[in-house]
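The sequence and structure come first, and the notes follow by topic.

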Number of protein chains: 4
Amino acid sequence: MATHRFRPTRYFSVIGAAEPCLRVADGDTVVTDTIDASGLDAREIAVGSRPNPMTGPFYIEGAEPGDTLAVHIDRLTPSRATGWTYSPLALTVLEPAAIKDRPSSERHVWEIDGEAGTVRLREPVRGLEDFSPPLQPMIGCFGVAPAGGQALSTATSAQNGGNMDYRLFAPGTTAWFPVSVPGALFYLGDGHACQGDGEIVGTGIETSFEMEVTFRVLKRTISWPRGETADDIFTIGNARPLDQALQHATTEMSRWLGEDYGLDARAASHLMGQVVRYDVGNVFNPAFTVACRIAKRWLTKL
Amino acid sequence: MATHRFRPTRYFSVIGAAEPCLRVADGDTVVTDTIDASGLDAREIAVGSRPNPMTGPFYIEGAEPGDTLAVHIDRLTPSRATGWTYSPLALTVLEPAAIKDRPSSERHVWEIDGEAGTVRLREPVRGLEDFSPPLQPMIGCFGVAPAGGQALSTATSAQNGGNMDYRLFAPGTTAWFPVSVPGALFYLGDGHACQGDGEIVGTGIETSFEMEVTFRVLKRTISWPRGETADDIFTIGNARPLDQALQHATTEMSRWLGEDYGLDARAASHLMGQVVRYDVGNVFNPAFTVACRIAKRWLTKL
Amino acid sequence: MATHRFRPTRYFSVIGAAEPCLRVADGDTVVTDTIDASGLDAREIAVGSRPNPMTGPFYIEGAEPGDTLAVHIDRLTPSRATGWTYSPLALTVLEPAAIKDRPSSERHVWEIDGEAGTVRLREPVRGLEDFSPPLQPMIGCFGVAPAGGQALSTATSAQNGGNMDYRLFAPGTTAWFPVSVPGALFYLGDGHACQGDGEIVGTGIETSFEMEVTFRVLKRTISWPRGETADDIFTIGNARPLDQALQHATTEMSRWLGEDYGLDARAASHLMGQVVRYDVGNVFNPAFTVACRIAKRWLTKL
Amino acid sequence: MATHRFRPTRYFSVIGAAEPCLRVADGDTVVTDTIDASGLDAREIAVGSRPNPMTGPFYIEGAEPGDTLAVHIDRLTPSRATGWTYSPLALTVLEPAAIKDRPSSERHVWEIDGEAGTVRLREPVRGLEDFSPPLQPMIGCFGVAPAGGQALSTATSAQNGGNMDYRLFAPGTTAWFPVSVPGALFYLGDGHACQGDGEIVGTGIETSFEMEVTFRVLKRTISWPRGETADDIFTIGNARPLDQALQHATTEMSRWLGEDYGLDARAASHLMGQVVRYDVGNVFNPAFTVACRIAKRWLTKL
């Protein structure tokens, strides 16, 4: 149960089978640095390049194809006092007829106040002078090497995870990924200080982080990423259109309820039909992300 | 500000320009009965037919094309002690490869305990013996006559509302609809005792209701349904695929933030980018429903 | 086998259960006038209004719900020497990122030369001085009253037909529609002098026509429109996205091959897998249209 | 202008930046062997593995990022007398409600008669005893290394080409690919003896081939694959849903008409609006393929 402090010197914009940066044991914790989506580090120096340069890959001993890698997000600490977003709304979330009048794309700086636990536009726009939503760190992009020798852009996501931009990938959450190569080869980065549903401006508040995660290898097989927070369990589908992402997430949840909670397809449908929640991770990236979520209070009695 | 008690004798499975069942004034309240999605009334007698037989249409005096009809949902009281759902999960939410193993479609009865405020399967399935989610009444289908002489099936939804199956159309919520004909011609029905996101078993817990709503005519124009709860404002898009429904809802929210909160497109994107929430009303009907939602606490300072 | 010459005095922008304009017998022929998509008649006088004002409805004696109405397109003769289109490409066929630079929408007049059998822009644009594609008349919008009391806008299409904008609905083609009301209630209009696949400028070359069609009632049931030309049979799906329209058309073709050609699902798949053709009727209207087409030469030996 | 005879000894199921198997000059011709989609060679021995094992990559001297690689398909000769398909229709082309009754998936052998120029099921099913469509060889999967260090599965396709399964990638056609790495790194394989639109049984008639292609490096930049046959030019979009694939293809065609034929966006829309044709390459793979096609006879006068 060692804790490793890893300082990256190179970054990856594809998730594939690169040479591991570090080998760790099942149960170990890694504390490491991530740079922002455009490659700026804690000093705002460009040390990586778009899209979403990743720290990693970490080789987790004992992880074999067919296993599941559980990644507990212990801590996400912004490593600088500013982040950035784009405006206005992304092309993917506007009616096509509204695109003509869309203002030009701009980059904006946000101040991150770790003590107050808030973020704030450095140059507030009219009407948002008092707008300071909470600092809610999350991981935008993380996952494991995909199957079959693929190397997938960190702009997108798939069954192995990737750029899902889901705000519940936050401290306290455990994420599960299906392992396709020995050692799993885990990457992480693209931290956001805050983000609404859908990543609808094309970014969260992008900044560098110190991230701490703890690995566990599960001898079980899953098809899509899964997660657990203090209150919920959830499954993830990554695809276009949203309909297909939702189908993957829903089908995976039904499987999970069968595997771990003893519900057959009919029983699972009764439960899900009344209490399921859907979240849109992102509706911006090449693959969209939908989470299918169920509160654990409905599962404790099972 | 009169209150009308209306007892329907006929029901409609299209929303169009039928003869009004009652004329009411701007500000009036209507208390009326609705039957369930299959046409069963409070005594479980079939008095209407699928899909979603509607009570109405109500003619609201003063409502003109281009106006907005605000409908406050005062109260939704189930008028019998049982409702029903289907199982298993709908074809629209499963991976196509999982359809082959889907159990056959069945109808199930739920008991509605108004005192305890819960619902419960009459014949619990294994693993759900203790499953009794809260009674959370909502309106599955309501809206106003569409433009251009159309008569739209209550199976689907469009800019005029219809079968949106969104669980926040609940007591305390005010819904807004764009008026296309004199008097608006408002219909309502398809009450659910409970329903998760997406109406993913093809139904909520379908039952008959006594519904109380209060009308107000707004001299303003909207493009898609909007709503307000104690905590949130939201906009609705109805279309396939989900992507398009989300585009309508998002674009309408951006317009709303401009009209009522003084935010231009760039400012609206900053707010929405960090705090927006998306809900899936239904991913079952011919048109899917997505809500774009913002907590009112972000708007109070504007 | 009478031939009726019908001169319309009113037009419809919804397809529903309106009072018949004429009752005809099974086997009869109707010669009638249609006006263009914006309501201009043969003299270019506005006598109807958008969208796609229809001539009809014709009541075909003997047609009952569950039957099929076969409509042979005998002749489509433009009734004036000009038509019009829009430019540029529609929002639905452009990458969202290309919409920003899209020129403004304009209306253009085309000259129709019936003798030469060509069409030509009245004011040619640079590079198209010699562009004169053939006059290829087709029916943009036609169909029968839908089920359940619906009245559907002539902007869209569904199982009952409607605004499909498919270029093989041309002279010599027989179209089949599923009958939902007594008499079928057939409407037609929205003639195009020419149109490529997809109706990607949002119009064909819109003009008024004299149309001649012959009706036959078939005592058989279909789910989606079907058609037969000299060379092909085809089925139509109308939905969004294109994927769903294609699923409807493909499934309907598989059914047809079973019903009329003795091929079970596996045999139909062998045939379709090697020789099927897909056409995009329109990718512009609220519902998109895909045709699944098979050359009759593959069917003659069956 | 050398001709190289290359005999592969290893195959690739991702298209990425592997070590070149051969370096050739701009203008050179390569004659090589490809194995079928499941890895069977001319002797039906398994020498590669799914999905779609590729021959290559070929390094074309002078090709630089931003260039275009033109690949003329000189000849496609099946190297054995049998191929195989699946049945029945794929899940992607059926209405979800029809999936339940879909027969189980089976593999079928087809006999390839090179002299007669036909293909035929080895064990004909009832109704198809005389079904022998023409031998129409095509390349299912080919393309160049993608940008950014990605390695993309040969199951799918993207801007760099890949598994497009478009039947006009046939002898006589020239295909263009956007070059992202020095030498382009061209792969090819997955030959089909015949295939209808959409690859709707999940395969063409899969067999091994001797393929002959000739390379040319063009100092111009394109965004999506393009092609030219004796009669047509076409552009390709690869994405889900079909709508998005069609948008890419259409936008790319509009650009091409501007670059090479002097048509601005408005003129291009006039031409395309009247004469464009859409083909569905595949509606089976992870990314669907749509071709936007224009007959060259409309372009000769420009």
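The contact between chain B and chain C, where contact means heavy atoms within 4.5 Å, takes 10 residues from chain B and 10 residues from chain C. This is a predicted model, in which local features need pLDDT of at least 70 and side-chain atom pairs count only at pLDDT 80 or more, while totals for chains, interfaces and linings use all residues; side-chain values use heavy atoms, with hydrogens and water left out. Residues are numbered from 1 along each chain as its sequence is written, and chains are lettered from A and ligands numbered from 1 in the order in which they are written.

**Interface of chains B and C**

- The area buried between chain B and chain C, that is, the accessible area (1.4 Å probe) that two parts lose on being put together, summed over both, is about 730 Å², and carbon and sulfur atoms give 54% of it.
- Of the area that chain B buries against chain C, 45% is supplied by B:Q150, B:A151 and B:R240, which is more than any other three residues supply.
- The side of chain B that touches chain C divides into four nonpolar, five polar and one charged residue, where Ala, Val, Leu, Ile, Met, Phe, Trp, Tyr, Cys and Pro count as nonpolar, Asp, Glu, Lys and Arg as charged, and the others, Gly among them, as polar.
- Between chain B and chain C there are zero salt bridges, a salt bridge being a side-chain nitrogen of Lys or Arg within 4 Å of a carboxyl oxygen of Asp or Glu.

**Relation of the copies**

- With copies superposed by least squares on the C-alpha atoms of residues with pLDDT of at least 70 in both, chain B can be laid on chain C with an RMSD of 0.0 Å by a turn of 180° and a shift of 0.0 Å along the axis.
- The two copies are thus related as by a two-fold rotation axis, and in chain B the C-alpha nearest that axis is that of B:A151, 2.3 Å from it.
- Because 100% of the interface residues of chain B are also interface residues in chain C, these copies meet through the same surface.

**Cysteines**

- Over all chains the structure holds zero disulfides, a disulfide being a pair of cysteine sulfur atoms within 2.5 Å.
- A:C141 is in no disulfide, and the nearest cysteine sulfur, that of A:C21, is 15 Å away; A:C141 is buried (under 20% relative accessible area, with exposed over 50% and partly exposed in between, 1.4 Å probe, protein chains only), at a relative accessible area of 0%.
- The sulfur of A:C292 is 15 Å from the closest cysteine sulfur, in B:C194, which is too far for a bond, and A:C292 is buried, with a relative accessible area of 0%.
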